[in-house]
Amino acid sequence: MAVGVVPPLPRELQVEVTGACNLRCRMCLVSYRPALGKTSGAMDLESFRALVDSLPGLEKVTMQGLGEPLLAPDFVPMLEHLAARGISMGFNTNGTLLTRERAERLVELGVDWLHVSLDAATPAVYEDIRHRSSFELVRTNIAGLVEVMRERGVTKPELELVFVAMRRNVAELPALVDLAAELGVPAVWVQNLSHSFSDTDPSGDYAGIRAYAAEEALWADRNDEAAALFAEADRRANARGVRLRLPRLEDPDRTRAPGEPGCGWPFDSAYVTHEGKVQPCCAVMGADRAVLGDARADGFETVWNGEAYRDFRARLLGEDPPDVCAGCSLYRHVF
């Protein structure tokens with residue numbers, strides 16, 4: 001990890017290729033803001049190429065943000081550009097648009113990893129969380145991708161199911177591990193809600209998602225039921241040969257060595273919105289929070305080396321982090 005107020009340009013990047021989404025999920029900011037258009041809410045190909053090509057040492061790009069990546073009009077040409085550059089690439093999808101035709105194209109392009117959000121093992125619980133979605137459609141699409149990979153004898157993209165653990169769905173986790181094994185998906189990534197939004201006005205624009213996090217977050221207080229369900233999921237994963245990643249349920253001791261930042265994101269990577277705004281990480285949620293500059297207007301390198309970024313990093317090297325970091329699951333090591 002590069003430690004310093006002005007580290008070298010990052011070798012990895014996360015790009016919100018679109019802020020538009022076809023779903024309205026309970027835990028996502030998309031459900032609490034006006035809808036974005038498929039075209040107006042997406043990054044254009046020219047801007048994407050300019051961003052990527054401004055970083056000659058770039059090695060890895062994560063192609064996702066608040067929106068559904070497969071909705072981005074220029075998504076495939078963007079992947080083609082990364083492939084031509086030899087840059088590792090992948091993304092998370094809600095799976096609803098992952099048709100067999102798209103699955104075949106993603107395999108052909110050599111996408112390195114693909115994670116599909118599946119927050120339950122039963123339709124009722126899943127569809128109550130991910131409004132406008134269909135459990136059976138997503139299940140069918142995942143099975144179709146696995147089939148395409150088997151037919152072609154390839155191991156890429158690396159597949160994972162992503163499960164956002166909340167009070168309303170954590171009981172589904174052990175069965176989801178079984179479902180992953182049945183579908184032929186080798187890994188399940190379990191994560192907590194990403195932010196408490198404690199830095200926001202309780203009655204302001206983030207009131208709805210802040211209240212939801214307070215009600216649903218497993219780390220809000222001691223949760224013995226969740227701990228027991230995690231243990232059962234782990235037992236089933238070991239028995240079924242599924243790799244399972246589980247988050248912490250309580251804040252750990254965050255003692256760190258002198259000079260070690262409280263979070264490495266702003267030193268090693270960056271998050272760029274579809275409008276070109278540069279933010280410190282993917283957990284911020286909200287293009288009006290912790291904006292460190294505009295890559296489209298000023299160039300990424302200028303933003304990366306700018307005063308706002310330097311100040312943000314300096315705060316992370318001390319014991320008084322930026323307010324937006326205090327409620328972040330990544331900063332607190334409970335993501």
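**Rings and a charge**

Colleague: Which residue lies over the face of W304?

Modeller: A charge sits over a ring if NZ of Lys or CZ of Arg is within 6 Å of the ring centre and within 35 degrees of the ring normal. At 4.4 Å from the ring centre of W304, the residue over its face is R313.

Colleague: How far can I trust it?

Modeller: It's a predicted model, where local features need pLDDT of at least 70, side-chain atom pairs count only at pLDDT 80 or more, and totals for chains, interfaces and linings use all residues. Residues are numbered from 1 along each chain as its sequence is written, and side-chain values use heavy atoms, leaving out hydrogens and water.

Colleague: How are the rings of F75 and F91 arranged?

Modeller: Phe, Tyr and Trp rings (six-membered ring for Trp) pair if their centres lie within 6.5 Å; planes under 30 degrees apart are stacked, over 60 edge-to-face, the rest tilted. That rule gives five aromatic pairs. With centres 5.0 Å apart and planes at 85°, F75 and F91 are edge-to-face.

Colleague: Is F91 buried or exposed?

Modeller: Buried means under 20% relative accessible area, exposed over 50%, partly exposed in between (1.4 Å probe, protein chains only). F91 has 0% relative accessibility, so it counts as buried.
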